[in-house]
Amino acid sequence: MYARDDIAAAQQWQQLPSGEHVRAATEAFRMLSDSTRVRLLWLMCGAEHDVATLASRVGVARPAVSQHLAKLRLAGLVTLRKEGRRALYRARGGHVRRLLAEAVEAADHRLTGTDEHD
């Protein structure tokens, strides 16, 4: 990495995002403050799942899973695709997958005492 790359990266963090962007990001983080939603989203980062499958994987009742999925959809973290009468849910794109992976990786560093890195 060149010094000019460091300068450009540092300058990015000097300009605050718009209020609309901050509100949307805050809402996404708020949705991820629930451990069931984190587990559901983790599963949906790897593949599409229906409500019944997600409920059995996380050990939560189907109605509760449906409510969690609705909140994740409203926050823009999950997409829904209909296949006949089945509703299939998946994490919305690479940004969501990377956000969740980074959060879990940061938790791993904190829990194991592994040195931080960029």
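Which residue forms a salt bridge with glutamate 48? Select arginine 81: its closest N and O atoms with glutamate 48 are 2.7 Å apart. A salt bridge here is a side-chain nitrogen of Lys or Arg within 4 Å of a carboxyl oxygen of Asp or Glu.

Before going on, note that this is a predicted model, where local features need pLDDT of at least 70, side-chain atom pairs count only at pLDDT 80 or more, and totals for chains, interfaces and linings use all residues. Residues are numbered from 1 along each chain as its sequence is written, and side-chain values use heavy atoms, with hydrogens and water left out.

Back to the first pair. Glutamate 48 lies in the loop between helix H3 (35–46) and H4, and arginine 81 in strand E1 (residues 78–83), so the pair ties together parts 33 residues apart in sequence. Helices (H or I, at least four residues) and strands (E, at least two) are DSSP runs, numbered from the N terminus.

Next, select arginine 86, which forms a salt bridge with aspartate 50, the closest N and O atoms being 3.4 Å apart. Arginine 86 sits in strand E2 (residues 86–91) and aspartate 50 in the loop between H3 and H4, 36 residues away. Aspartate 50 is buried at 15% relative accessible area, while arginine 86 is partly exposed at 40%; buried means under 20%, exposed over 50%, partly exposed in between (1.4 Å probe, protein chains only).

With Glu48, Asp50, Arg81, Glu83 and Arg86 all selected, you have a network linked by salt bridges.

Finally, go to glutamate 102 in helix H6 (residues 93–112), which is exposed at 56% relative accessibility.
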